[in-house]
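Please examine the sequence and the three-dimensional structure shown below before reading further. The report is intended to be read alongside them.

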Protein chains: 4
Amino acid sequence: MRDAPLRRRALAEAVGTAALVTIVVGSGIQATELSRDVGVQLLANSLATVFGLGVLITLLGPVSGAHFNPVVTLAAWFTGRRADDGLSGRDIAAYVPAQIAGAIAGAVLADAMFGRPPVRWSTHDRSAGHLLLGETVATAGLVLLVFGLARAGRDRLAPAAASYIGAAYWFTSSTSFANPAVTIGRTFTDTFAGIAPGSVAPFTAAQAGGAVLGLVLVAAIFGRPTPTPPDTPTVHGEPELTTPALP
Amino acid sequence: MRDAPLRRRALAEAVGTAALVTIVVGSGIQATELSRDVGVQLLANSLATVFGLGVLITLLGPVSGAHFNPVVTLAAWFTGRRADDGLSGRDIAAYVPAQIAGAIAGAVLADAMFGRPPVRWSTHDRSAGHLLLGETVATAGLVLLVFGLARAGRDRLAPAAASYIGAAYWFTSSTSFANPAVTIGRTFTDTFAGIAPGSVAPFTAAQAGGAVLGLVLVAAIFGRPTPTPPDTPTVHGEPELTTPALP
Amino acid sequence: MRDAPLRRRALAEAVGTAALVTIVVGSGIQATELSRDVGVQLLANSLATVFGLGVLITLLGPVSGAHFNPVVTLAAWFTGRRADDGLSGRDIAAYVPAQIAGAIAGAVLADAMFGRPPVRWSTHDRSAGHLLLGETVATAGLVLLVFGLARAGRDRLAPAAASYIGAAYWFTSSTSFANPAVTIGRTFTDTFAGIAPGSVAPFTAAQAGGAVLGLVLVAAIFGRPTPTPPDTPTVHGEPELTTPALP
Amino acid sequence: MRDAPLRRRALAEAVGTAALVTIVVGSGIQATELSRDVGVQLLANSLATVFGLGVLITLLGPVSGAHFNPVVTLAAWFTGRRADDGLSGRDIAAYVPAQIAGAIAGAVLADAMFGRPPVRWSTHDRSAGHLLLGETVATAGLVLLVFGLARAGRDRLAPAAASYIGAAYWFTSSTSFANPAVTIGRTFTDTFAGIAPGSVAPFTAAQAGGAVLGLVLVAAIFGRPTPTPPDTPTVHGEPELTTPALP
């Protein structure tokens, strides 16, 4: 299904990113309504994300590659820029706006489902320096995982990214946004998972730095990519996930 | 095993739906007996459902398709109505009553296991408007997942529906019933997971709307189905799950 | 590896059952030392069991079938009694004592690891009638799962039994012992997971009744077994789990 | 990718062990900042480790075997010492220092991400006798699992080690370090997951004893290894994990 028209692939990115933000924001609201222990709240928030994101990657990977993240889309374009089947500039121009629009819609939907005002800017400042280090680490790890799996020919294990994010909620101080589109979406809700608009620029810069670091690690650990035969047969009924980097 | 006689398939639907409701209601009772933190209660309830529903789909999928849900059964009939191997009206007439009877039996069994009166109408009103929006979103997502996986030829990943429900407990305001039979069953218990009889009609209407929305999304994202060869060989010892939509 | 000598298979059953009881009892002690919320305690206890039991079945399934449970061993003998490769009376006479001895050793080891007296009879009475109903349901479900998967040719999904137990901790009132050997082992520790010796007989009777019910359900849902070709080739490097019922 | 040059394999061990310690220490800090229930803290810590370590083994197994642990590296050398493709002394001399350096770097990074002083010796004494028994059991189980899976030809299930550690956090009194490099790294942080330097020697001795016990159990349960054909073909796109023991 890799050859889905760009229209359908962009729709998959929009719907997938919307669903991801709805999961993150909605489960955060539910958790704060039900418990006063912030540890229990983050447990619920992280487990809902592991389950939900894993399903989204499984479902939409065969259509669009299930990026849901401009950092992944841009890194896929960069690593595949010399390959025949890499992402084109036209793909980028459709994917990234779809991801951002989806992320905003997802936050609005979560607020609406819980009877909150659909748009209220977050007042949750997240600009402390050690949070930016957390965000750099979170994004480096995500890029290392996604493109390392592709380099090792294990694309079909891409849903592991959901487990990674579930762990990174806990081991990074920033709770691992690692995604500029999701970061923008999360400014539209003044709830548990929100982020103040003023923190978006530093978060995005940290994410970009982390992505570069992640690509350096991929090259250092996995080495030069080897050319794959042009027409790899696929077992019927079990299509590979379309992963971003197939250089 | 797809060719199991209707009698055995309907029994699988009844037993599976009963077990599902027993899991949902029983774990809710246990959780409220053991903790006073409602967040911890819903964590237990949702994790028990993820584990239990995943097992039920794995076990009974090869027999009946493991719908356990009239919405899924009707959507399978609708999408497969022009295919030779789609569900027939006779199948519907057996599956749906089996699911409803199973759901009621499951609630009664859960109450009995915990020494509660076996039938007591729930007093838990769930008719607020934003809950209905939650229920619409929950059902749309479930239908998109189940029929999207089938359209992508990934039927054997159907147990992902359990992970989806586990996430949707948290990210939807309604805690994701997404199932008219289970909704009816849950009126029979006045415990954590119950729903007042008066809320059944609006919930079911929201679920029906969500199902239509889900099918629209499947068509928009996955496109027209392509015909599959009539006699796909199956690897010995690893039969595919019988999934509802094989158009 | 199915043809391992009985000595090694019995050792695998003893070590596996010991490890299972160590997991159940040890995680119960740790949980009660760390939290005063009984819901959090059972969450820890059930998650540790899901992870640990899943690993044990994956590791030891290829050697002995990973029963760890006299009920499963006896049901495997019963269902396979007319097959050439079924369990023999001699197998039973080695497996069941190995399971019981392992279970006792596992409880003693858990107590010792936590600096408790290695043997102290449990004072936790669990003989209320509704608990016995819970135990019957728990065992019926386990037998339906294990032998239903085998009947459907999905033996390699046997680790799903760990997920089932994780759910059944919550949805049954008895927290799902479902295993006479483990029940006996758990009398040797006066901690969270213990059971008073006086409750062993009714629990075991309920488990036996549940096993019969489970086998009836297997026959009703999965029908008559079909003969399998005698020499099924196995893909190199991925041996099937040796499951109990291969009639 | 088994034939990656030693430089890349050692880098994978350093990065993987660093990431593992960052996950363990970082999630411990986050958990203690968010909850006062120590049970909730260990739930978060153990779940983050299950998710994170599982991803690391999946990602880096194809490069270096994903040991991240001197005990596993030494046991792999010992069991493979007569095989042509076993680990050499030169491999050991690169792996073990990479693991230790990585572990220290991981602890420093976790402290830095959370705005803590990057190095502060732990004051958490863990030298009680029953903790050492716990550590022996934890390491014996890990070695039994890793080398038992290899002996059974199920190397590609190596990520099960993450589930094992998640269970062992709970069922062992020592919370299952089971790794001398990680033990050293955890002396560098005075937080939830730290260990006082004075407890390193007894912990490491207990781990060594556990490893020997684990190898004895592997031989007793899995018997003599059978020779495998020299050139086993691998399905394209799904390389086996490089596991330590391939005797």
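The sections below describe one chain as a whole, then contacts between chains, and finally some individual residues.

## Overall fold of chain A

The model is predicted. Chain A contains eight helices and zero strands, and its pattern along the sequence reads α-α-α-α-α-α-α-α. The radius of gyration of chain A is 17 Å, close to the 18 Å that the globule rule gives for 247 residues, so chain A is as compact as a globular protein of that length. Its C-alpha trace spans about 55 × 35 × 30 Å along the principal axes.

How much of chain A is buried? Buried residues account for 66% of its 247 residues. Among the contacts in chain A with a separation of 6 or more, 81% are between residues 24 or more positions apart.

## The contact between chains B and C

Chain B contributes 38 residues to its contact with chain C, and chain C contributes 34 residues. On the side of chain B that touches chain C, at least two residues come from each of helix 1 (6-34), helix 2 (38-64) and helix 4 (89-113) of chain B. Which helix of chain B gives the most to this side? Helix 2 of chain B does, with 13 residues.

The residues on the side of chain B that touches chain C can also be sorted by class: 24 are nonpolar, 12 are polar and two are charged.

Which residues form the meeting between the two helices? From helix 2 of chain A come A:Ala44, A:Ala48, A:Phe51, A:Gly52, A:Gly54, A:Val55 and A:Thr58. They meet B:Ala160, B:Ser163, B:Tyr164, B:Gly166, B:Ala167, B:Trp170 and B:Phe171 in helix 6 of chain B. By class, this contact of helix 2 of chain A with helix 6 of chain B has nine nonpolar, five polar and no charged residues.

A:Ser176 lies in the loop between helix 6 (160-171) and helix 7 (180-185) of chain A. Its phi is near 60°, a positive value in a residue other than glycine. Is A:Ser176 buried or exposed? A residue counts as buried if 20 or more other C-beta atoms lie within 10 Å of its own; A:Ser176 has 24 within that distance, so A:Ser176 is buried.

In chain C, C:Ser176 is found in the loop between helix 6 (160-171) and helix 7 (180-185). Phi of C:Ser176 is near 55°, a positive value in a residue other than glycine. C:Ser176 has 24 C-beta neighbours inside 10 Å and therefore counts as buried.

## Gly223 of chain D

D:Gly223 is located in the segment after helix 8 (200-222) of chain D. Because 15 other C-beta atoms lie within 10 Å, D:Gly223 is partly exposed.

Which residues does D:Gly223 contact, leaving aside its neighbours within four places in sequence? D:Gly223 is in contact with C:Ala4 and C:Arg8. Within chain D, D:Gly223 and D:Thr58 are 165 residues apart in sequence and 27 Å apart in space, C-alpha to C-alpha.

Technical notes
Residues are numbered from 1 along each chain as its sequence is written. Chains are lettered from A and ligands numbered from 1 in the order in which they are written. This is a predicted model: local features need pLDDT of at least 70, side-chain atom pairs count only at pLDDT 80 or more; totals for chains, interfaces and linings use all residues. Helices (H or I, at least four residues) and strands (E, at least two) are DSSP runs, numbered from the N terminus. The radius of gyration is taken over C-alpha atoms; the globule rule is 2.2 Å times the number of residues to the power 0.38. A residue is buried if 20 or more other C-beta atoms lie within 10 Å of its own, exposed if 12 or fewer, and partly exposed in between; C-beta atoms are placed from the backbone. Two residues are in contact if their C-beta atoms, placed from the backbone, lie within 7 Å. Ala, Val, Leu, Ile, Met, Phe, Trp, Tyr, Cys and Pro count as nonpolar, Asp, Glu, Lys and Arg as charged, and the others, Gly among them, as polar.
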